[in-house]
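Biologist: I would like to learn how to read the features of a model such as this one. Please take them one at a time, with the rule before the case.

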Amino acid sequence: MATDYYAVLGVRRDASQDEIKKAFRRLARELHPDVNPDPKTQERFKEINAAYEVLSDPNKRQVYDLGGDPLSASGTGAGAGGFGQGAGFGFSDIMDAFFGAAGGQRGPRSRTRRGQDAMIRIDIDLEEAAFGTTKEIQVDTAVRCNTCNGEGAAPGTSAQTCDMCRGRGEISQVTRSFLGQVMTSRPCPQCQGFGTVVPTPCPECAGDGRVRARRTLTVKIPAGVDTGTRIQLAGEGEIGPGGGQPGDLYVEISENPHKIFQRRGDDLHCTVTLPMTAASLGTKVPLETLDGAAEIDIRPGTQSGQSIPLHGRGITHLRGGGRGDLIVHVEVLTPSKLDAEQENLLRQLAKLRGEERPSGQFAPGQQGLFSRLKDAFNGR
Ligand SMILES: [Zn+2]
Ligand SMILES: [Zn+2]
């Protein structure tokens with residue numbers, strides 16, 4: 001049962017602390033269960049942990065060198081309670097192995113942390129997306145507590161060094177785990193690892209250093225935003241605990257549907273209906289665009305389904321200058337509910353054009369749905 005800890009780590013009996021640490025780190029990286037889940041390797045991992053546990057501690061190493069087994073000796077007052085039996089092995093040593101020794105940077109953690117980001121959604125109209133706008137928004141976030149200035153202690157009092165961990169923020173204990181008996185370091189339960197306690201928390205914020213408040217912000221919305229675009233307002237999110245640096249606020253755009261224009265990218269689409277006569281003879285049609293009244297030129301012989309682009313009348317490109325197009329789709333209306341005179345005129349026209357008995361020719365190149373429907377309709 002006498003494990004040779006030196007052999008486990010592959011170091012000489014007179015190895016320095018530094019050599020022991022290096023050997024352990026190298027092996028831990030290689031054999032860590034997350035890296036190498038093989039059961040044999042995990043056994044080895046436990047061994048190197050035990051070996052390091054002993055050899056890295058000058059006192060335990062001495063006990064071991066004199067023939068004792070320091071891992072079965074009962075250690076310091078583990079008492080404290082409150083912590084579960086967690087599979088705690090020398091976690092920070094393992095972290096050291098992976099991330100390099102943060103060189104004694106263990107110790108109390110700061111009460112001050114960065115705040116969380118927040119997000120708010122706003123609805124805007126198409127016109128606002130096209131040209132940009134400015135919006136006032138109400139946000140409800142954590143802000144610094146003015147009573148304690150973010151420090152969490154009631155006015156006239158201050159945080160004090162924790163007497164349980166003496167300001168270290170962590171306590172060491174010896175626990176039994178699947179690795180055998182090991183020394184673990186845990187955040188101090190009295191101060192939650194801060195190293196200090198606030199005996200009289202601020203009554204306003206209950207010691208958090210921040211309170212919730214509603215603010216009104218003015219947001220500049222650039223031209224070209226679309227549904228899903230997020231605008232970042234740096235530092236306008238939640239303030240952090242302990243008066244920590246605030247997170248960012250994201251304003252997410254949701255664009256209201258427009259009653260005339262459909263947006264596809266930065267182009268806008270709309271449909272105008274035209275009487276058959278106007279489509280055939282050509283005309284000018286007034287059209288309300290985002291830029292105000294415009295006129296579209298319908299050339300003689302315009303077909304249903306044809307589209308007429310109005311360049312630069314769409315949405316401003318979010319990045320880079322210029323604008324998308326407004327694309328006007330034409331739908332030609334077939335005259336119906338003809339009176340006797342109209343019917344007569346149309347028949348005369350059909351006769352003049354030799355269209356009294358049209359053969360229903362396929363449009364060239366139109367092998368799509370329309371042709372198939374026509375086939376079905378004609379029973380072919
Ligand atoms: Zn306060
Ligand atoms: Zn403490």
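**Reading the features**

Modeller: Start with a hairpin: β10 and β11 have 2 residues between them, and glycine 265 in the turn has a positive phi of about 65 degrees. Before going on, note that this is a predicted model, in which local features need pLDDT of at least 70, side-chain atom pairs count only at pLDDT 80 or more, and totals for chains, interfaces and linings use all residues. Residues are numbered from 1 along each chain as its sequence is written, chains are lettered from A and ligands numbered from 1 in the order in which they are written, and side-chain values use heavy atoms, with hydrogens and water left out.

Biologist: How many bridges join β10 to β11, and do the strands run parallel or antiparallel?

Modeller: First the terms: strands (E, at least two residues) and helices (H or I, at least four) are DSSP runs numbered from the N terminus, and two strands pair if DSSP finds at least two bridges between them. Here 3 bridges join β10 (residues 262-264) to β11 (residues 267-275), and the two run antiparallel. Arginine 264 stands opposite aspartate 267 in β11.

Biologist: Which way does β11 run against β15?

Modeller: β11 and β15 (residues 326-333) run parallel and are joined by 8 bridges. In that pairing leucine 268 stands opposite leucine 326 in β15.

Biologist: Are cysteine 162 and cysteine 191 buried or exposed?

Modeller: Buried means under 20% relative accessible area, exposed over 50%, and partly exposed in between (1.4 Å probe, protein chains only). Cysteine 162 and cysteine 191 are both buried.

Biologist: What are the protein donors of the zinc ion (ligand 1)?

Modeller: They are Cys145, Cys148, Cys202 and Cys205, each through SG, lying 2.3 Å from the zinc ion (ligand 1). The 4 donor atoms subtend angles of 104 to 115 degrees, which makes the arrangement tetrahedral. Here the sequence spacing reads C-x2-C-x53-C-x2-C. Cysteine 148, in the loop between β2 (133-144) and β3, and cysteine 202, in the loop between β6 and β7 (210-221), link distant parts of the chain, 54 residues apart. Both of these cysteines are buried.

Biologist: How many aromatic pairs are there?

Modeller: A pair of aromatic rings is described by the distance of the centres and the angle of the planes. Rings of Phe, Tyr and Trp (its six-membered ring) pair if their centres lie within 6.5 Å; planes under 30 degrees apart count as stacked, over 60 as edge-to-face and the rest as tilted. By this rule the count is 3 aromatic pairs. Tyrosine 6 and tyrosine 64 have ring centres 6.0 Å apart and planes at 40 degrees, so their pair is tilted. Tyrosine 6 is in helix α1 (residues 5-9) and tyrosine 64 in helix α4 (residues 58-65), so the pair ties together parts that are 58 residues apart in sequence. Both tyrosines are buried.

Biologist: And which pair is stacked?

Modeller: Phenylalanine 24 and tyrosine 52 are stacked, at 4.0 Å centre to centre with 5 degrees between the planes. Phenylalanine 24 belongs to helix α2 (residues 17-31) and tyrosine 52 to helix α3 (residues 39-55), so the pair ties together parts that are 28 residues apart in sequence. Phenylalanine 24 and tyrosine 52 are buried.

Conventions:
Donors are N, O and S atoms within 2.8 Å of the metal (3.2 Å for Na, K and Ca); water is not among the atoms, so sites may look incomplete. Four donors count as tetrahedral if all angles lie between 85 and 135 degrees; four count as square planar and six as octahedral if opposite donors are over 155 degrees apart and all others between 65 and 115; anything else is irregular.
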